[in-house]
Amino acid sequence: MMAFAYSRPWRGDRSCRHCRWGFLRETHSMGFLDGMDPEVRGISPKAKSSAKFLAYFQLLDAFTEPGCPVCRRLEQGALMALDALLYEQVNDPLTRRRLVRSHGLCNWHAWLLPRVQSSALGVAVIYHHLLKEALKQLQATMREIRPRTRRKGLWNRVTGADAGPLAMLEWRRKRTRCPLCSFAGRSERGDLRTMLDHMGEPDFAEAFARSTGLCLPHLYGALAIGGDHANLPILLAAHEQRWQGLMGDLAEFTRKFDYRYAHEAMGDEKKSWHRALETLVGRAGIFGPERRQ
Ligand SMILES: [Zn+2]
Ligand SMILES: [Zn+2]
C-alpha cells in the first residue's frame, strides 16, 4: 500500500442531530465497519442494550425530521461511516483489503463521498489503489484476448486454455458486496425492531404519529421481521391514517391545478407529490442496486 502522510482534521457535522447521538460512534474508536454493529461483533450485553437505548432516542429524533425516519437514519449513518473512513481509516490495511475485495463502494455510497467535507484527498488515495487493481485486471484481460503469437492463439483454442471467463469478468464475479450496504441492512432491521418494540408506549407512538411515517419498502421490512409482533397492528393503523391524509393532500393539490381554483394558495399539499414519491419508494438512493430488502 502506498505510504501516505494523510491527516484530516475532525470536523464533526454539528448540523446533523443524529451525529450528536453518535449513530455509528463506535466507528471512530474501533475502525471503519468493524465497530458498526455491536450484535455482529459480539459486544457485551451491556453494550448491546446501550446501542438499543441509543437507537430508541435516535429514532425519536428522526421522527421530528421530514421523510421516512429509517431512510433518514440510514443516510446519516452512511455519511458518518464515510466520515470515519476518510478521517482515520484511509491507510488502514484491513479496511483497504475490504474495499479492494468489494471494488470500493456501490454507486449510492460512492456518490455520498462528495457530501463528506474535505473528502477529496481520502477519495483520491483509496481510489488510486482501486484503480491500480482494476488496471491489473484490464491488462490481464488484454493478454488473454490478444495472444502474443498466432501459434499461441491456435494452441489456446485447441487446448481450451482460453475457454474460461475473461479475467475482468472473473474479477467482477468474485467481488464482495459493498460493505456499507451490508451494514445498512442490519441497521435498518435494528431500527424496525426497536420501533415495533416501542410502538405500544404512548410517548413513542405519539412521537411517531407526528413523523412522516415509514416508506413502503421499510413497512415491508417491518412486516417481514414482525409479522406476529403484538404492536404490528398499531404500526399499520398509524400508516392507514397517514396515507389517507396524504391522498387528501394529493387530491387537493390536483384540484388547485384546475383554472377555477388556481387562485387559491397552496398549503401543506404543495409538496404532497414529493411526499408520495418518498412514501412509495423511500428516500432517493437508499435502496441502491446492492441493497437486499
Ligand atoms: Zn424508508
Ligand atoms: Zn453500498
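## Helix 5 against helix 11

Val70, Arg73, Leu74, Gly77, Ala78 and Ala81 of helix 5 meet Leu180, Ala184, Ser187, Glu188, Asp191 and Leu192 of helix 11. By class, this contact of helix 5 with helix 11 has seven nonpolar, two polar and three charged residues. The model is predicted.

Two packed helices are described by the angle between their axes and the distance between the axes. Here helix 5 spans residues 69–88 and helix 11 spans residues 179–198. They pack at an angle of about 140°, and their axes are 10 Å apart. That angle makes helix 5 oblique to helix 11. The crossing of helix 5 with helix 11 is right-handed.

## The chain as a whole

The chain has 15 helices and zero strands. It holds 293 residues, and buried residues make up 26% of them.

Consider the contacts between residues at least 6 apart in sequence. Of these, 80% join residues at least 24 apart.

How far apart are the end C-alpha atoms of helix 11? They are 29 Å apart. Helix 11 has 20 residues, and at 1.5 Å a residue they should span 28 Å, so the two values agree.

The buried residues of helix 11 are Pro179, Leu180, Phe183, Ala184, Ser187, Glu188, Asp191, Leu192, Thr194 and Met195. Several of these names come up in its contacts. Leu180, Ala184, Ser187, Glu188, Asp191 and Leu192 meet helix 5. An α-helix has 3.6 residues a turn, so residues three or four places apart point the same way.

## Helix 11 against helix 13

Helix 11 also packs on helix 13, residues 216–225. The axes of helix 11 and helix 13 come within 10 Å and cross at roughly 70°. Helix 11 and helix 13 are therefore roughly perpendicular to each other.

Which residues make the contact? Helix 11 supplies Glu188, Arg189, Leu192, Arg193, Met195 and Leu196. Helix 13 supplies His218, Gly221, Ala222 and Ile225. By class, the contact of helix 11 with helix 13 has five nonpolar, two polar and three charged residues. Glu188 and Leu192 take part here. Glu188 and Leu192 also meet helix 5.

## Helix 14 against helix 15

The axes of helix 14 and helix 15 come within 9 Å and cross at roughly 140°. That makes helix 14 oblique to helix 15. Helix 14 passes helix 15 in a left-handed crossing. The pair of helix 5 and helix 11, by contrast, has a right-handed crossing.

Leu246, Asp249, Leu250 and Phe253 come from helix 14. They meet Ser272, Trp273, Arg275, Ala276 and Thr279 from helix 15. By class, the contact of helix 14 with helix 15 has five nonpolar, two polar and two charged residues.

## Leu246, a residue in that contact

Leu246 sits in helix 14, which runs over residues 232–255. Is Leu246 buried or exposed? Leu246 is buried, because 20 C-beta neighbours lie inside 10 Å.

Leaving aside residues up to four places away in sequence, Leu246 touches Ser272, Arg275, Ala276 and Thr279. Arg275 is 29 residues from Leu246 along the chain. Their C-alpha atoms are separated by 7.9 Å.

## Two loop residues with positive phi

Most residues other than glycine have a negative phi. His103 has a positive phi of about 60°, although it is not a glycine. His103 lies in the loop between helix 6 (93–101) and helix 7 (107–110). With 17 other C-beta atoms within 10 Å, His103 is partly exposed.

Ser118 has a positive phi too, near 55°, and is a residue other than glycine. Ser118 is in the loop between helix 7 and helix 8 (120–145). Where does Ser118 stand, exposed or buried? Ser118 is exposed, with 12 other C-beta atoms within 10 Å.

## After the last helix listed

Gly285 belongs to the segment after helix 15 (272–281). Gly285 is partly exposed, with 17 other C-beta atoms within 10 Å. Leu112 is 173 residues from Gly285 along the chain. The C-alpha atoms of Gly285 and Leu112 are separated by 9.5 Å.

Methods
Residues are numbered from 1 along each chain as its sequence is written. Chains are lettered from A and ligands numbered from 1 in the order in which they are written. This is a predicted model: local features need pLDDT of at least 70, side-chain atom pairs count only at pLDDT 80 or more; totals for chains, interfaces and linings use all residues. Helices (H or I, at least four residues) and strands (E, at least two) are DSSP runs, numbered from the N terminus. Two residues are in contact if their C-beta atoms, placed from the backbone, lie within 7 Å. Axes are lines fitted to C-alpha atoms, for helices over the stretch in contact, and angles run from 0 to 180 degrees between N-to-C directions. Angles under 35 degrees count as roughly parallel, over 145 as roughly antiparallel, 65 to 115 as roughly perpendicular and the rest as oblique. A crossing is left-handed if the near helix is turned anticlockwise from the far one by less than a right angle, and right-handed if clockwise. Ala, Val, Leu, Ile, Met, Phe, Trp, Tyr, Cys and Pro count as nonpolar, Asp, Glu, Lys and Arg as charged, and the others, Gly among them, as polar. The expected span of a helix is 1.5 Å times one less than its number of residues.
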